[in-house]
Amino acid sequence: MCPRMSACCWWLLLAAVPALCENIIYKKIGDEVVLEPGSVSEPIKSLTWKVDVNLAMMWDGKEVDSFRQFKERGSLNTTTGQMTITGLTPSDSGTYTAESKEIKNEPVRLIVISAVPVPSVNLSCNDEKTSCTLTCDGNTTDAGEVKYAWKSDDSIIANLLDKTHHITKDSSNGTETFSCEMKNPVSEESSMPFPNPLFTNEPKTKEGVFHPKTIAGLIVFFSLLVSVLLLAAVHRCKTGMWFYQKESMPWEADFWRKKERKPKNTAAHQEKKQTEEETSLT
């Protein structure tokens, strides 16, 4: 590489350093900001604040002069050198510098943006209702760079940072709701849960794994089935016959006996009693 080319590279690097070290402040429309002038080495005798190349506020040691919108919304602390701006608007954005012999110049870049709105989820599906596209909508005018995130039920969907979310019946079965989030440097908002248009109550299988609710239901069912079969086996061993062969009911004592008690001969008993009554009368 020639020396001349090397010198050009050095100049490019030196020009890039201030941009990398630039102090950036994000503020919401309507907020207030206090701009710091930089390192103050001794009492300030005079001070000039500029936004880009335009004068904002100036102090000559006696009086403070304000320019444009800063006449109404700007104030200057002549002791600390701080400049305060209230009721911020996007037009206040720019690079602010404080110029004084007693201050080390440290530019501050102010970016005024609006807060993100509460988003809503809009839906569009194909005719077969096998796939849909969810869109995180909201007016993001003057909101700067907006970042998006999606939730499946209550879980963040990893690596999904787009405004839209494409779903299919196979990939989203088992998810009841979706919601989206909007975020910028000054605010963050979430949408209301949006019902999954492709949701069904059918068990979701993926790589042979059932939905957790299905697994729980199967466990309860087989537990009850094993209990009934075990009870029937115990009854068989104790009585020598299956439960459906018994004439007595489960809540009767004979149901669990090997041999049931024979009922008394009621007719013979009644005849004997009648004979005894006739004998006593004669």
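View 1. At 0% relative accessibility, Cys-136 counts as buried (buried means under 20% relative accessible area, exposed over 50%, and partly exposed in between, with a 1.4 Å probe and protein chains only). Its partner in a disulfide is Cys-180, at 2.1 Å from S to S (a disulfide here is a pair of cysteine sulfur atoms within 2.5 Å). Cys-136 sits in strand 11 (residues 131-137) and Cys-180 in strand 15 (residues 177-184), so this pair ties together parts that are 44 residues apart in sequence. Strands are DSSP runs of E with at least two residues, helices are runs of H or I with at least four, and both are numbered from the N terminus. Cys-180 is buried too, with a relative accessibility of 1%. The link of Cys-136 and Cys-180 is right-handed, with 75° about the S-S bond.

A quick word on what you're looking at: this is a predicted model, where local features need pLDDT of at least 70 and side-chain atom pairs count only at pLDDT 80 or more, while totals for chains, interfaces and linings use all residues. Residues are numbered from 1 along each chain as its sequence is written, and side-chain values use heavy atoms, with hydrogens and water left out.

**View 2. The disulfide of Cys-125 and Cys-132.** Here the two sulfur atoms are 1.9 Å apart. Look at the two ends: Cys-125 is partly exposed, at 25% relative accessible area, whereas Cys-132 is buried, at 1%. This link is right-handed, with 105° about the S-S bond. The structure holds 2 disulfides, and if you number the bonded cysteines in sequence order, the pairing reads 1-2, 3-4.

View 3. The side chains of Asp-92 and Arg-73 meet in a salt bridge, at 2.9 Å from N to O (the rule asks for a side-chain nitrogen of Lys or Arg within 4 Å of a carboxyl oxygen of Asp or Glu). Asp-92 is in the loop between strand 7 (83-85) and strand 8 (94-99), and Arg-73 is in helix 2 (residues 70-73), so the pair ties together parts that are 19 residues apart in sequence. Asp-92 and Arg-73 are both buried. By this rule, the count for the structure comes to 4 salt bridges.

**View 4. Lys-163 and Asp-137, a salt bridge with partly exposed ends.** In this one, the closest N and O atoms are 3.9 Å apart. The pair links distant parts of the chain: Lys-163 is in the loop between strand 13 (155-156) and strand 14 (164-168), and Asp-137 is in strand 11, 26 residues apart. Lys-163 has a relative accessible area of 36%, so it counts as partly exposed. Asp-137 is partly exposed as well, at 23%.

**View 5. Glu-181 reaching Lys-151.** These two form a salt bridge, with 3.9 Å between the closest N and O atoms. Glu-181 belongs to strand 15 and Lys-151 to strand 12 (residues 147-152), and the pair links distant parts of the chain, 30 residues apart. Glu-181 is buried, at 15% relative accessibility, while Lys-151 is partly exposed, at 25%.
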